[in-house]
Amino acid sequence: MDLTVLVTDDDQDIRDGIEIYLKNEGYNVLKAKDGKEALEILSKNEVHLIILDIMMPNLDGIQATFKIREERNIPIIMLSAKAEETDKIHGLSIGADDYITKPFHPLELIARVKSQLRRYTQLGTYNGAPHSKIEVNGLSIDREAKEVRLNGEIVKLTPIEYKITELLLTNAGRVFSIQEIYERVWNEEAYNAENIVPVHIRKIREKIEADPKNPRYLKVVWGIGYKIEK
């Protein structure tokens, strides 16, 4: 399967450098200098993952992510400077799947790209697991169709949100630590999990809970982790 990555950064040297490494891994590469150009490319091409810088002219990475998530659930990896910690968290909260801080080692970025693409492309592949349909008090998951429903209505989740929900719902009642959720969902050793996992949990709550501040389904067990109540 030919996979295409869209690299969006206002620094041409960064765009070109990332392109070299991605092409060496066999990926097709498209490039954009800002969020506005990225949206134009997305409207005309099939893209499987977006690498998106936060600070860009015309349309920055935060605004672009928000617009992309209105229609698409493809993985988004944000690039950010250390001084943009608040922006990184905001980016995750509106739908980015991962972020990497500049300056970064190209091989680390490639590893993140591979992880996200593997997860995204496998979402449509049934793994043959038993109990493909599970329901807990109106919240259900169909692992074959890769759908989560709330009282019969499809819940629109990003790939990461789906995987977290799948993990917790198929193990309803069991408490998972933040580190364990990260390692199970990202398929890698926990890295900055305390800043990443809670943001995705909050977004899931906003989509499945009538009152996210008093959740019925996705509960925190203080000092331990999260679970979906049976």
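Reply: Rings of Phe, Tyr and Trp (for Trp, the six-membered ring) are paired if their centres lie within 6.5 Å; planes under 30 degrees apart are called stacked, over 60 edge-to-face, and the rest tilted. By this rule there is 1 aromatic pair. It consists of Tyr182 and Trp186, which are stacked, with 4.5 Å from centre to centre and 5° between the planes.

The model is predicted, so local features need pLDDT of at least 70 and side-chain atom pairs count only at pLDDT 80 or more, while totals for chains, interfaces and linings use all residues. Residues are numbered from 1 along each chain as its sequence is written, and side-chain values use heavy atoms, with hydrogens and water left out.

Tyr182 and Trp186 both belong to helix H7, residues 178-186, and are 4 residues apart, about one turn of the helix. Helices (H or I, at least four residues) and strands (E, at least two) are DSSP runs numbered from the N terminus. An α-helix has 3.6 residues a turn, so residues three or four places apart point the same way. Tyr182 and Trp186 are both buried, a term for under 20% relative accessible area, as against exposed for over 50% and partly exposed in between (1.4 Å probe, protein chains only). The buried residues of H7 are Ile178, Ile181, Tyr182, Val185 and Trp186. Because these cover an arc of only 100° around the axis, they lie on the same side of H7; the arc is that of the directions from the helix axis to the C-beta atoms. Just after H7, Asn187 adopts a positive phi of about 55°.

The partner of H7 is helix H8, residues 193-208: the two axes come within 9 Å and cross at roughly 80°. Axes here are lines fitted to C-alpha atoms, for helices over the stretch in contact, and angles run from 0 to 180 degrees between N-to-C directions. H7 and H8 are therefore roughly perpendicular to each other, since that label covers 65 to 115 degrees, with under 35 roughly parallel, over 145 roughly antiparallel and the rest oblique. On the H7 side the contact involves Ile178, Gln179, Ile181, Tyr182 and Trp186, and on the H8 side Ala193, Glu194, Ile196, Val197, Pro198 and His200. Contact means heavy atoms within 4.5 Å.

Lys133 has Asp142 of S7 as its bridge partner, and Val136 stands opposite Leu139. The hairpin of S6 and S7 has 2 residues between the strands, and Asn137 there takes a positive phi near 50°. On its other pairing, S7 meets S8 in the antiparallel sense over 4 bridges, with Leu150 of S8 as the bridge partner of Leu139. The hairpin of S7 and S8 has 4 residues between the strands, and Lys146 in the turn has a positive phi of about 60°. In a regular strand the side chains alternate between the two faces of the sheet. In S7, Leu139 and Ile141 point one way while Ser140 and Asp142 point the other way, and all are buried.

Between S9 and H6 lies a loop that holds Thr158. Thr158 counts as buried because its relative accessible area is 2%. Apart from its neighbours within four places in sequence, Thr158 is in contact with Arg69, Asn73, Gly95, Asp97 and Lys207.

Val221 stands opposite Gly225 of S11. This hairpin of S10 and S11 has 3 residues between the strands, and Gly223 takes a positive phi near 80°.

Definitions and conventions. Pairing = 2+ DSSP bridges.
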